[in-house]
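Colleague: Could you walk me through this model? I have some questions ready.

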Amino acid sequence: MKKIILLLLILSNLQLQAKKRALIIAVGDYPKESGWGSISSLNDVPLVKNSLLKNGFLEEDITVLTDANADKKGILEALTKLQSKIVKGDIIMIHYSGHGQQIFDDNGDEIDGKDEAIVPYDAYARYSDNYKGENHFRDDEIGNVITSFRNKLGKSGQLLMLLDSCHSGSATRGTGEKTRGGEPTFAPVGWKEKDLINQKGSAMFEKAAIDKDAAPFVMITGASADELNYEYEGFGSLSYAFSKAMTDLGTDFSYRQLFSKITTNMNVITPKQTPTIEGDVDYKLFKGEYVAQQTYYEINKIAKPDILQINAGKLNGLFDKTTVFILPAGTSKVDKSKVITTGTITNAGFSSATIKLDSALPDENQKKYWIFVDKLSYGDIALKVYLEPSVTDPVAKEGVSSFLSKNNIGEIVADSKSSDIVISRGKSEYVLSSSHGEETIDKIASTRGSNDVEIINQKIFNYAQGKYLKDLSLKNYNYEFEFKLLPVEYNKDTNTAGELKPENSFYNSSGTFEVNTKDSFVVLQVTNKSERPIYFSIIEINSKGEINPFMPNGNCTLNNNERKLEPGKTMIFKDCVYSFGPPYERLILKGFATSTPINFQPTVQARGAGSRGVGENPLENFIQQSYAHSRGAEANSPSEKIDGFSAEFVYEIVK
């Protein structure tokens, strides 16, 4: 009898064991009578779901609710069902893709008189006698859901919520890009909003009273409260950036680090859009139980014994000539003694790729194998440029087209919706704008001559190279590292760093590290997370794509040995204190760690002038050769492969 009771207790404990559970809600095909346009929300589902499956979520613990099933009643029922299943210690993720809208405040708790709301399938875009907003899912209701979940999960659990929708916004420029929201505030005729200085942050997180032992909570949104949320390549921009970040992440990351990666990705695809993060951002991803699983890809099809197809491509940083290992399914990290065979990507598409193997697989059961990256190739700098009708000068048109073609870095396209950059002409200047988010990149005073073309081409190349480097992801975990900026006291009399300030004192309400031009001083911290020595170097990429050395730089000339970190070591470089000046913009710091010394400083400062000759590291060669393209020189395609680890840090300079 005792054995039976003991067995029952064990089985009971197993049933109550903490789990990872998720609810994915996607509404794209709204009824025509609702006033909402159709969007591509359903494309987000596999992106998000696959990211979760690779991080310990089981198929049976992921609920997907789409379109007509995701009306307000359906969403509430799904949330209630999910809450009934959870036990203390569970990890819960709730993802929403669909329209969002601001709606008049119905209880007087909003300073601006507006609630934020997500838009279920049965919610209408406009106020009427027959519909007064009862099916909108207001932030007050979301706050209550969050509170009830956190209280039940307890301090050992965790709740993550992602909202890929607009929260407010005005009409688009008419480019035809899909946005998630954009309708005016939902309100009765004659309603007036309260005056309010523009606030940063999502405004979706209602800070309701919770138990003292409630679970940590994080909310990530695709746009600030006053912004539109653009789609990108048929996906929600946040869903895309989240999926890419989860693919690129190393091990043992916090939500703040996850958000930094998301911000980096979105800075490339929708630079005018500001994602936000709120809550307990310094907790470890998924309760610190993130599995140290090296990134892998499953085989979609074995076309021939030596030809494979995978559902991953350029979106995942996989380009032609990337080499791969094939190992048994279930492998957590590449062990060369267990490699079954090797191969090379011969045809990389946006989300798929073909691999030619060096030897045939033992059998054709595709579930037996996982694909791991050996060495990434450079990929390609491919910029799509649209010339607006206002650009009439044939010299400028031919000059830009010839530059792109000759240097193999892009092409002129006939549709602005498929472009990366738009060039227009005003009365006395050319204007270069980002196609995604409508951000002005640069302006060039026009003299109607060949000099105009040279300057435009230089600006195009700067942007193309910056975009490429922002998106470049190197993930050899043998060189894994991370870095960040730390606020510090500064003694102007002695020009030395003092005590460190609280790290969160420089993060704004949107979760962005923010510095001003008056009294912000920071130092750099670098950590080697690998099991071997690394050399690191960091560059800064501004909104125009221009590259500047960050560490080392002209004022902080560390030699190779001073930038060598032993395994597990963390260094704070207090001898190099950074201050900031205009222009006011968001910048990306891109860091690289490799097995050999790497130093971008001479290359970047000389802008390819060749003062050092060819660098010893492929990354140095790439940037140096890239700068040689800027004046129309013949482009060379480097044959070397980049090996190492890359990391990013985003910060913003404000007044």
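What follows is a short exchange of questions and answers about this structure.

Modeller: A word on the ground rules: this is a predicted model, in which local features need pLDDT of at least 70, side-chain atom pairs count only at pLDDT 80 or more, and totals for chains, interfaces and linings use all residues. Residues are numbered from 1 along each chain as its sequence is written, and side-chain values use heavy atoms, with hydrogens and water left out.

Colleague: Thanks! How many helices and strands does the chain have?

Modeller: Helices (H or I, at least four residues) and strands (E, at least two) are taken as DSSP runs and numbered from the N terminus. Counted that way, the secondary structure comes to 10 helices and 32 strands.

Colleague: What percentage of the residues in the chain is buried?

Modeller: Buried means under 20% relative accessible area, exposed over 50%, and partly exposed in between, with a 1.4 Å probe and protein chains only. Of the 655 residues in the chain, the buried share is 55%.

Colleague: And what share of the contacts with a separation of 6 or more comes from residues 24 or more positions apart?

Modeller: Contact here means heavy atoms within 4.5 Å. Among contacts in the chain with a separation of 6 or more, residues 24 or more positions apart account for 75%.

Colleague: Why is helix 2 described as largely enclosed by the rest of the structure?

Modeller: In helix 2, Asp44, Val45, Leu47, Val48, Lys49, Ser51 and Leu52 are buried. Their packing partners are strand 1 (20-26), strand 2 (62-66), strand 3, strand 7, strand 10 (235-236) and helix 5 (237-248). Helix 2 (residues 44-53) is largely enclosed because the buried ones number seven of its 10 residues.

Colleague: Which elements give two or more residues to the lining of the largest cavity?

Modeller: A cavity is a set of points on a 1 Å grid over the protein atoms alone where a 1.4 Å probe fits but cannot get out, and lining residues have an atom within 4 Å of a point. The lining of the largest cavity consists of Ile25, Ile75, Leu79, Ile94, Tyr96, Ile118, Phe137, Ile142, Val145, Met161 and Leu163. The elements giving two or more of the lining residues are helix 3 (72-85), strand 3 (91-97), helix 4 (139-153) and strand 7 (158-164).

Colleague: How much space lies in the largest cavity?

Modeller: The structure holds three cavities of 30 Å³ or more. A volume is the space filled by probe spheres set on the points, with grid points joined across faces, edges and corners. For the largest cavity that space is about 110 Å³.

Colleague: Which cysteines does the disulfide join?

Modeller: A disulfide is a pair of cysteine sulfur atoms within 2.5 Å, and the structure holds one. The S to S distance is 1.6 Å, and the cysteines joined are Cys556 and Cys576.

Colleague: Are those cysteines buried or exposed, and how many residues apart are they?

Modeller: Cys556 and Cys576 are both buried. Cys556 sits in the loop between strand 28 (547-551) and strand 29 (564-565), while Cys576 belongs to strand 30 (residues 570-578); the pair links distant parts of the chain, 20 residues apart.

Colleague: What is phi of Lys321?

Modeller: Lys321 lies in the loop between strand 13 (307-310) and strand 14 (323-328), and Lys321 is exposed, at 57% relative accessible area. Its phi is a positive value in a residue other than glycine, near 80 degrees.

Colleague: Which backbone oxygen lies 3.0 Å from a polar atom of the Asn135 side chain?

Modeller: Asn135 is in the loop between strand 5 (114-118) and strand 6 (137-138). Setting aside neighbours within four places in sequence, Asn135 is in contact with Lys72, Pro120, Asp122 and Ala123. The backbone oxygen 3.0 Å from a polar atom of that side chain belongs to Asp122.

Colleague: Last one: how far apart in space are Thr594 and Glu480?

Modeller: Thr594 is in strand 31 and counts as buried, at 2% relative accessibility. Thr594 and Glu480 are 114 residues apart in sequence, and their C-alpha to C-alpha distance is 9.0 Å.

Technical notes: On a 1 Å grid over the protein atoms alone, a cavity is a set of points where a 1.4 Å probe fits but cannot get out, and a pocket is an open set with protein on both sides within 12 Å along at least five of seven lines; lining residues have an atom within 4 Å of a point. A polar contact is a pair of N or O atoms within 3.5 Å; within protein, one must be able to donate a hydrogen and the other to accept it, and residues adjacent in sequence count only if both atoms are side-chain atoms.
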